[in-house]
Amino acid sequence: MIAAAVRPYILFTDVAAWSVVAMFIAFALYTLRKPHLREPWRLVFRSPMAMTTGIVLVFFASLGLADCVHFQSENTEASAEADKVIWNNEVKSVLDVVLAPLLENEEKTFSRPFAIVALSKESIETKEGSIRDYPLLKRFQTMHEERLKSDPTYAALSREDQLAEFRSMREREVRELAMSSLMRGLLPWVLIVIPLLALIAMKVERINFKVAICRIFKGGGDHPWWAIAHISGALMILFAFVILAGDQYHIMGTNKSGADVLMNAIRSIRVGLIFGVFTPIVMLPLAILLGISAGFFGGWIDDVIQYVYTTLNSIPGILLIAALVLMLDVYMDANEDAFKLLIDRTDARLLALCLIFGITGWTGLCRLLRAESLKLRELDYVVAARAFGVKNLTIILRHILPNAMYLVVITVVLQFSGLVLAEAILSYIGIGVDPAMVSWGRMITRATQDMGRDPVVWWPLFSAFTLMLTLVLAANLFADVVRDALDPKAGAEK
Amino acid sequence: MSAYILRRFLYAIPILIGVNLITFLLFFLVTPPDDMARAHLGHKHTEQKDIENWKIQRGYDKGLFWNEKGESLWNKATDTIFVNKSASLFVFDFGVSDEGRNIGHDIKERMGASLSITVPLFLVGLILHVAISLLVVLFRKTYINWWAIVICVALMSISGLFYYIAGQFVLGRTFKLLPISGYSTGLEGVKFVILPILCAQLAGMGAAVRVYTTYFKEQMGQDYVRTVRAMGLSEVRLLFTHVLKNTMLPILTGVVASLPFLFIGSLVLEAFFAIPGLGDYIIEAIQGKDFAVVRSMVFLGSVLYIFGLLLTDISYTLFDPRVRLK
């Protein structure tokens, strides 16, 4: 694969993504150690809906995180000439390496999903002379040329018959691919996932191995083991199919520049995830600090903070964001040399978008935390702590903050899906990520133009929407279960 | 009541001043007039005198807060960018856009187009969402409830863009029932407005119905519901008369606050269907880097928001006789 030297290339958004992972782990460790904070999460772990969507989200997250480890490879020819190490300008990620089979098959322009030929006709040389027909895609063109040399019966066929041969080959290959991806997916599933799951089940539900396997394959027990096992299996088979079939066919066709559409859709996961997860994290410090201060201290602090967030809230969100993005454009134009590589510029813009959204969006959570702090301040043990002379900061950290955490979790989880959808809309209006960056918003914006073609090019739109829908739907369903579990005001009807 | 309104109005003034100041600082400190000129004129081959000309034409050459070249002290203090561009917004003098058009005049012209979409959308939407939510709550003990929630979440998870694209494609291109985009006034304009409203309704239905069903279900746990049932009232009558009246308060909080924004229209909708409303105006300004227009629209938006908050509070007194505003 990579024979030359390789050095890591750190992007700001990569740092952001991994620090979010670190925060998440820290939060999980903190919460699981305190029983009263652990209780609500039990409900989440027992819900089949939450666990299924959770696994889907973990799957998306791993694809996204794999795309957050970047490196540069050495340009061996230039290094040999210059006698020191010269690096390629192209920056790749670990996900790009995994998806390498899809990356390398670039065509010239549009082609349908699982196609053998391109979308539009061109002039082609055949033994009958120059005709206008659909040209073969790269892989099939190479196969065609080789067969022309080695197989005289094939060379004697008309073009129609040659294409028919390719079509029957495609049928056969797709069937083989389905079978082999089933096996390639099931093997690690049976060897790694099932035993791992069984071990976890044994520890959590205090059963022996045989009962654990029974519960995994037939269902039962307190936790949804059957659901977890089977969704993991389905995802692994799907992933195996994408990697195997992607080597030979363009599963979702190609776009205008000839790049594989499915590959672009998968590479867009990173932007969606970073925007959806990092932005709420950005707004947390401001919201928590100001919200709890306003509620706990009251008085003039409360008045000032209320004035600040009412004023900020008055400015219509989208206009403020548009204004800030405009200014970002002007700033980046004026300081061009700070962004040498293209990837630095697109990355900085994504980071700036997250910051802009975070800074304009903290007011909602701040209001909620203020109301909650006002309530928590009057609780018996907090009043007692104040009477004892415990320092304010200690009271806040020990009593107020942990009890108000559920609002933070619910807000972060609920905002995720909204932000992923918002990115698409922003890109359409023109204030989204840089045009050079691959994201679902960009794909959809370009796809709206492609839909006007004849024949209709529907596959970029379809793949972008399907992946986005899966992620957002899973996030919404997961968020619902989390909210029902964490929110003490679950309105019960008699 | 009038004392309350007066007090709210007076409280709104420091907020508007704050908004004005923040937008002014944002616009002029982060991007000084020199950078703005360069963004408009392009980077290569622009000399300093071109930049100066551009600034003089638009009045950006004066100092930010203090004008040295002024004749008198009063002039020095007031003939500044801040007073000319920002403070004048308070009297709704929007000034001239960076292209040279009168902003106030453009706003008045485009308002009608935005309203022609948002008002029907709002009215139809409100009636539809409330009706569907009530029906879902009526059948809440059956499997319809589960299906309704799943469908709502699914509808919500699909990006709004998809509804517009699909609607345009299916109704506009394939079946050729409605024009794909465009706008005209008068009676022929009706056919241009139907498709955007239809698509926008589908896009907004999932979220709204879900929220409203939550409100209605909360109400069903109240004591008066049991009482009314014990009195022998039918379930339908209970829902559509009593529960609806009581739930108006939370519904109104969301709805009345959005009334003033009907003027601005939906940015994406207008971009998609080529409707020359205020949303389209904003998008053109963003793409053309027209700072003057974006500034004016930001201020206008803030004024509308504060007005919306005031309207919400007043409507509380109309719908809930227990609420007294001091």
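In the predicted model, the side chains of Arg210(B) and Asp480(A) form a salt bridge, with a nitrogen-to-oxygen distance of 2.5 Å. This pairing belongs to an interface between chain B and chain A across which 1 salt bridge is found. The contact between the two chains involves 49 residues of chain B and 46 residues of chain A, and together the chains bury about 4,200 Å², of which 76% lies on carbon and sulfur atoms.

The largest nonpolar core comprises 175 residues, and those with the most contacts inside it are Ile266(A), Trp440(A), Ile444(A) and Met468(A), together with Tyr164(B) and Met297(B). Helix H18 of chain A, spanning residues 392-429, contributes the largest share of this core, with 17 residues. When residues up to four places away in sequence are left aside, the contacts of Trp440(A) include Ala265(A), Ser268(A), Ile269(A), Val420(A) and Glu423(A), as well as Ala464(A), Leu467(A), Met468(A) and Leu471(A).

On the surface, a nonpolar patch with about 940 Å² of accessible area is formed by Leu135(B), Phe139(B), Tyr143(B), Ile144(B), Trp146(B), Trp147(B), Ile151(B), Val236(B) and Phe240(B). Helices H7 (143-157) and H11 (235-257) of chain B each supply at least two residues of the patch, and H7(B) gives the most, with 5 residues.

Conventions
Residues are numbered from 1 along each chain as its sequence is written. Chains are lettered from A and ligands numbered from 1 in the order in which they are written. This is a predicted model: local features need pLDDT of at least 70, side-chain atom pairs count only at pLDDT 80 or more; totals for chains, interfaces and linings use all residues. Side-chain values use heavy atoms; hydrogens and water are left out. Patches are made of residues with over 30% relative accessible area and no salt bridge: like charges are joined within 9 Å, nonpolar side chains (Val, Leu, Ile, Met, Phe, Trp, Tyr) within 5 Å. Accessible areas come from the Shrake-Rupley method with a 1.4 Å probe; for residues, only the protein chains shown count as cover. A salt bridge is a side-chain nitrogen of Lys or Arg within 4 Å of a carboxyl oxygen of Asp or Glu. Helices (H or I, at least four residues) and strands (E, at least two) are DSSP runs, numbered from the N terminus. A nonpolar core is a set of buried Ala, Val, Leu, Ile, Met, Phe, Trp, Tyr and Cys residues joined through side-chain atoms within 4.5 Å. Buried means under 20% relative accessible area, exposed over 50%, partly exposed in between (1.4 Å probe, protein chains only). Contact means heavy atoms within 4.5 Å. Buried area is the accessible area (1.4 Å probe) that two parts lose on being put together, summed over both.
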